[in-house]
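Thanks for coming. Please have the sequence and the model open while I talk.

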Amino acid sequence: MATFALDPVQGIESALFTAGNLIDVAPFLVLSIGLAAFAGASGADGLIARAFTGSPAIMILLAAAAGGLSPFCSCGVIPLIAALLSMGVPLSAVMAFWLASPVMDPSMFVLTSGVLGLDFAIAKTLAAIGLGLFGGAAVALFTKAGSFSSILREGVGNGGCGGGKVRTVQPIVWRFWTDRSRLSKFSREGLKAALFLAKWLTLAFLLESLMLAYVPANLIAGALGGTGLAPIATATLVGVPAYLNGYAALPLVSGLVDQGMAPGAGLAFLVAGGVTSLPAAIAVWALVNRTVFALYIGLALAGSFISGVLYQLWCIL
């Protein structure tokens with residue numbers, strides 16, 4: 001309402017931008033919400049959770065690889081993440097998937113190859129998986145030291161802590177709609193997830209539209225120029241508030257690289273921005289407690305900087 005009052009034209013543009021982005025992510029949201037609700041109503045959530053049992057190292061590796069290659073966006077995967085955490089799936093494996101997922105997907109790989117080249121697309125894919133491995137391993141060490149007795153915000157999920165043992169598997173009823181209580185649970189959980197996401201994503205996309213309107217692209221370009229480690233660190237930090245979106249950022253980075261920006265800085269900007277973009281960060285903030293949120297941001301920034309440095313070294317050698 002404040003935007004409409006102060007700048008009516010921008011208010012209309014922001015409303016259209018928000019609606020358009022919600023429509024764009026709707027297929028992923030419907031799919032992920034449906035899968036999460038189906039898993040809970042049928043009892044298949046226990047089987048999903050038990051897929052994350054076993055060796056922590058193997059779980060983290062598989063979760064990072066799945067996140068780096070999955071077609072889910074950072075917002076669309078939120079219902080599944082909430083379901084896994086509430087069932088007691090270890091945070092280390094969930095964090096590995098969570099960090100890797102926003103950075104790369106099949107369509108992004110193709111577009112990145114066309115705009116920045118195949119080498120850059122491969123580097124970004126490896127950075128996504130590496131970020132997941134880095135985050136998962138770090139969380140595993142923290143958990144081993146006794147951290148994270150509580151994961152989700154109060155009222156989110158159905159009571160699991162995300163750090164304990166996976167729950168006892170309940171009987172599975174694949175045709176859950178034949179059971180009135182299970183059908184009711186499907187509807188209830190699906191509606192709850194949909195309202196939760198609609199509220200936070202609307203806010204996230206609205207803020208993103210205002211940032212695009214009032215933060216000049218040339219200001220971002222000026223902050224990311226130069227060579228050496230400093231531009232990589234700057235690009236990592238600038239990527240947090242200044243990231244446009246996965247597709248709009250590619251031409252910007254391409255132009256900056258053509259003007260002499262270090263490729264490592266470009267990669268750090270894309271990786272950090274993808275994980276900590278407004279929609280992703282707000283969704284994480286709404287789901288987990290502040291300690292886990294701070295860890296998520298810290299791991300994203302550290303891993304993005306390391307990815308940029310390693311890619312820069314690779315380009316030099």
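I316 is exposed, at 61% relative accessibility. The terms here are buried for under 20% relative accessible area, exposed for over 50% and partly exposed in between, with a 1.4 Å probe and protein chains only. I316 sits in helix α15; helices are DSSP runs of H or I with at least four residues, strands are runs of E with at least two, and both are numbered from the N terminus.

Two remarks on the source. This is a predicted model, in which local features need pLDDT of at least 70 and side-chain atom pairs count only at pLDDT 80 or more, while totals for chains, interfaces and linings use all residues. Residues are numbered from 1 along each chain as its sequence is written, and side-chain values use heavy atoms, with hydrogens and water left out.

Back to I316. Together with F134, I306, L310 and L313, I316 forms a nonpolar patch on the surface, with about 470 Å² of accessible area in total. Patch residues have over 30% relative accessible area and no salt bridge; like charges are joined within 9 Å, and nonpolar side chains (Val, Leu, Ile, Met, Phe, Trp, Tyr) within 5 Å. A salt bridge is a side-chain nitrogen of Lys or Arg within 4 Å of a carboxyl oxygen of Asp or Glu. The areas come from the Shrake-Rupley method with a 1.4 Å probe, and for residues only the protein chains shown count as cover. Helix α15, residues 290-316, gives the largest share of the patch, four residues.

Next, the aromatic rings. How many aromatic pairs does the structure hold? There are six. Rings of Phe, Tyr and Trp (its six-membered ring) pair if their centres lie within 6.5 Å; planes under 30 degrees apart are stacked, over 60 edge-to-face, and the rest tilted. One of the pairs is F38 with F176, edge-to-face, at 5.6 Å centre to centre and 70 degrees between the planes. F38 is in helix α2 and F176 in the loop between α8 and α9, so this pair ties together parts 138 residues apart in sequence. F176 is buried at 6% relative accessibility, while F38 is partly exposed at 27%.

F176 also pairs with F186: the centres are 4.9 Å apart and the planes at 35 degrees, so this pair is tilted. F186 lies in helix α9, ten residues from F176 in sequence. Ring pairs link F38, F176, W177 and F186 into a cluster.

Last, R182, also in helix α9. R182 is buried, at 19% relative accessibility. Leaving aside residues up to four places away in sequence, R182 touches A41, S42, G43, P171, V173 and F176, where contact means heavy atoms within 4.5 Å.
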